[in-house]
Amino acid sequence: MPNEQNNVFLHPGVEDEAETFGLANRLPSLSGMKIGLIDNRKRNADLYLEEIARIFEEQYGVTEFQTYRKASQSIPTPADVLDDMAQNCDAIIHAVAD
């Protein structure tokens, strides 16, 4: 019979508490804004972002886009890229498509 004092039980769940964020304030208008576009490399994400950019430019007056294409869909967008977009863009769209 095994000695219960020698058994080690591990819980597979994450013990960190999730950080809570509120919603960003809504932009009053997209006219003249710079929008960051993050392509996660899933199939058709690039087509989706191209169409979003076209619509935003033609219908909403967006004047500039900053695009980043991830190296792989399985890795997160690097923190320095997100920081740069947060500082230089008025809004960011992260595309997920299939």
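Two strands are said to pair if DSSP finds at least two bridges between them, and strands (E, at least two residues) and helices (H or I, at least four residues) are DSSP runs numbered from the N terminus. With that in mind, isoleucine 38 stands opposite tyrosine 68 in β2. The model is predicted, so local features need pLDDT of at least 70 and side-chain atom pairs count only at pLDDT 80 or more, while totals for chains, interfaces and linings use all residues. Residues are numbered from 1 along each chain as its sequence is written, and side-chain values use heavy atoms, with hydrogens and water left out.

**Overall make-up**

- The secondary structure of the protein consists of 2 helices and 3 strands, and along the sequence these follow the pattern β-α-β-α-β.
- Of the 98 residues of the protein, 23% count as buried, where buried means under 20% relative accessible area, exposed means over 50%, and partly exposed lies in between (1.4 Å probe, protein chains only).
- The accessible surface comes to about 8000 Å², and 50% of this belongs to carbon and sulfur atoms; the areas come from the Shrake-Rupley method with a 1.4 Å probe, and for residues only the protein chains shown count as cover.
- Among the contacts in the protein with a separation of 6 or more, 76% are between residues 24 or more positions apart, a contact being heavy atoms within 4.5 Å.

**The sheet and its helices**

- The 3 strands form an open sheet in the order β2-β1-β3, with parallel pairing.
- Because β2 (64-69) and β3 (91-95) stand at the edges with a single partner strand each, one side of each is left without a neighbour in the sheet.
- From one strand to the next the twist averages 20°, and the angles given here run from 0 to 180 degrees between N-to-C directions, with axes taken as lines fitted to C-alpha atoms, for helices over the stretch in contact.
- Strand β1 (residues 34-39) pairs with β2 in the parallel sense over 6 bridges, and lysine 34 stands opposite glutamate 64 in β2.
- Helix α1 (residues 45-60) packs on the sheet and touches β1, β2 and β3, its direction making about 170° with that of β1.
- Helix α2 (residues 79-88) lies across β1, β2 and β3 and runs at about 175° to β2.

**Buried parts**

- In a regular strand the side chains alternate between the two faces of the sheet.
- Both faces of β1 are covered, with Lys34, Gly36 and Ile38 buried on one side and Ile35, Leu37 and Asp39 buried on the other.
- The largest nonpolar core has 11 residues, including Met33, Ile35, Leu37, Phe56 and Val62; such a core is a set of buried Ala, Val, Leu, Ile, Met, Phe, Trp, Tyr and Cys residues joined through side-chain atoms within 4.5 Å.
- The strands β1 and β3 and the helix α1 each supply at least two residues of this core, and the largest share, 5 residues, comes from α1.
- Valine 62, setting aside its neighbours within four places in sequence, is in contact with Leu30, Gly32, Met33, Ile35, Phe56 and Glu57.

**The aromatic pair**

- The structure holds 1 aromatic pair, on the rule that rings of Phe, Tyr and Trp (its six-membered ring) pair if their centres lie within 6.5 Å, with planes under 30 degrees apart counted as stacked, over 60 as edge-to-face and the rest as tilted.
- The ring centres of phenylalanine 56 and tyrosine 60 are 5.9 Å apart and the planes stand at 70°, so the pair is edge-to-face.
- Both residues lie in helix α1, 4 residues apart, which is about one turn of the helix.
- Phenylalanine 56 is buried at a relative accessible area of 17%, whereas tyrosine 60 counts as partly exposed at 42%.

**Loops**

- Most residues other than glycine have a negative phi.
- Arginine 41, in the loop between β1 and α1, has a positive phi of about 75° although it is not a glycine, and this residue is partly exposed with a relative accessible area of 39%.
- Asparagine 44 is also found in the loop between β1 and α1, with a positive phi near 75° and a relative accessible area of 33%, which is partly exposed.
- Threonine 77 lies in the loop between β2 and α2 and counts as buried at 12% relative accessibility.
- Not counting residues up to four places away in sequence, threonine 77 touches Ile38, Tyr68, Lys70, Leu82 and His94.
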